Amino acid sequence: MTRAGNAYDVTCRGVAAFELWVGVGTVDLAAPVVVRVNGVEAFRGVVAADLGFLLERAAADDDRTMLYAARLPVTVPAPTPAK
């Protein structure tokens with residue numbers, strides 16, 4: 001996975017879905033987030049901060065450098081057939 005601003009590009013295979021955990025301060029939560037999987041847009045939209053998730057992960061991780069503002073479930077798009 002790579003990230004540039006609010007855009008994530010993910011390459012995977014053998015995966016039907018995954019969760020993207022958005023780190024505090026990594027993206028602008030007021031602007032749309034774009035997730036492309038294997039070159040196909042899988043998500044575009046504003047991601048709301050989730051205080052409950054942030055607190056849950058902070059307690060589990062016990063590491064101030066690993067703070068997650070939200071989680072985003074992503075369904076991997078089906079591959080397009082070759083022509």
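**A colleague's note on the hairpin, sheet, core and rings**

1. A friendly start at the hairpin: asparagine 38 adopts a positive phi near 55° in the hairpin of S4 and S5, where 2 residues lie between the strands. Helices (H or I, at least four residues) and strands (E, at least two) are DSSP runs, numbered from the N terminus. The two strands, S4 and strand S5 (residues 40-45), pair in the antiparallel sense over 5 bridges; strands count as paired if DSSP finds at least two bridges between them. Across this pairing, valine 34 stands opposite arginine 44 in S5.

2. A word on the basis of the values. This is a predicted model, where local features need pLDDT of at least 70 and side-chain atom pairs count only at pLDDT 80 or more, while totals for chains, interfaces and linings use all residues. Residues are numbered from 1 along each chain as its sequence is written, and side-chain values use heavy atoms, with hydrogens and water left out.

3. Now the overall layout. The protein has 1 helix and 6 strands, and from the N terminus on its elements run β-β-β-β-β-α-β. Its C-alpha trace spans about 50 × 25 × 20 Å along the principal axes. Of the 83 residues, 29% count as buried, where buried means under 20% relative accessible area, exposed over 50% and partly exposed in between (1.4 Å probe, protein chains only). Among contacts (heavy atoms within 4.5 Å) between residues at least 6 apart in sequence, 55% join residues at least 24 apart.

4. Which order do the strands of the open sheet take? The 4 strands follow the order S1-S2-S4-S5, and their pairing is mixed. Strand S1 (2-4) and S5 are the edge strands, each pairing on one side only. Neighbouring strands of this sheet are turned by 15° against each other on average, direction ignored; the axes are lines fitted to C-alpha atoms, for helices over the stretch in contact, and angles run from 0 to 180 degrees between N-to-C directions.

5. On to the core. The largest nonpolar core holds 14 residues, of which Tyr8, Val33, Val35, Val37 and Leu72 touch the most other members. Such a core is a set of buried Ala, Val, Leu, Ile, Met, Phe, Trp, Tyr and Cys residues joined through side-chain atoms within 4.5 Å. Two or more residues each come from strand S2 (7-10), strand S3 (17-23), strand S4 (33-37) and strand S6 (68-75).

6. Valine 35 lies in strand S4 and, at 0% relative accessibility, counts as buried. Leaving aside residues up to four places away in sequence, valine 35 touches Tyr8, Val10, Leu20, Val40, Glu41, Ala42, Phe43, Leu72 and Val74. With the same exclusion of residues up to four places away, valine 33 touches Asn6, Tyr8, Val27, Phe43, Arg44, Gly45 and Val47.

7. Valine 40 is one of the partners of valine 35. Valine 40 sits in strand S5 and is partly exposed at 35% relative accessibility. Besides Val35, valine 40 touches Pro77, not counting residues up to four places away in sequence. The C-alpha atoms of valine 40 and alanine 78 are 9.1 Å apart, although 38 residues separate them along the chain.

8. How many aromatic pairs does a search of the whole structure find? There are 2. Rings of Phe, Tyr and Trp (its six-membered ring) pair if their centres lie within 6.5 Å; planes under 30 degrees apart count as stacked, over 60 as edge-to-face and the rest as tilted. Tryptophan 21 and phenylalanine 53 have ring centres 5.3 Å apart and planes at 80°, so this pair is edge-to-face. The pair links strand S3 to helix H1 (residues 51-61), across 32 residues. Tryptophan 21 is partly exposed at 32% relative accessible area, whereas phenylalanine 53 is buried at 1%.

9. Why is the pair of tryptophan 21 and tyrosine 68 edge-to-face? Its ring centres are 5.3 Å apart and its planes stand at 70°, so it falls in that class. Because tryptophan 21 lies in strand S3 and tyrosine 68 in strand S6, this pair ties together parts 47 residues apart in sequence. Trp21, Phe53 and Tyr68 form one aromatic cluster.

10. Last, a residue that touches Tyr68. Aspartate 61 lies in helix H1 and touches Met66 and Tyr68, not counting residues up to four places away in sequence. Its side chain makes a polar contact with the side chain of arginine 57 at 2.7 Å. A polar contact is a pair of N or O atoms within 3.5 Å; within protein, one must be able to donate a hydrogen and the other to accept it, and residues adjacent in sequence count only if both atoms are side-chain atoms.
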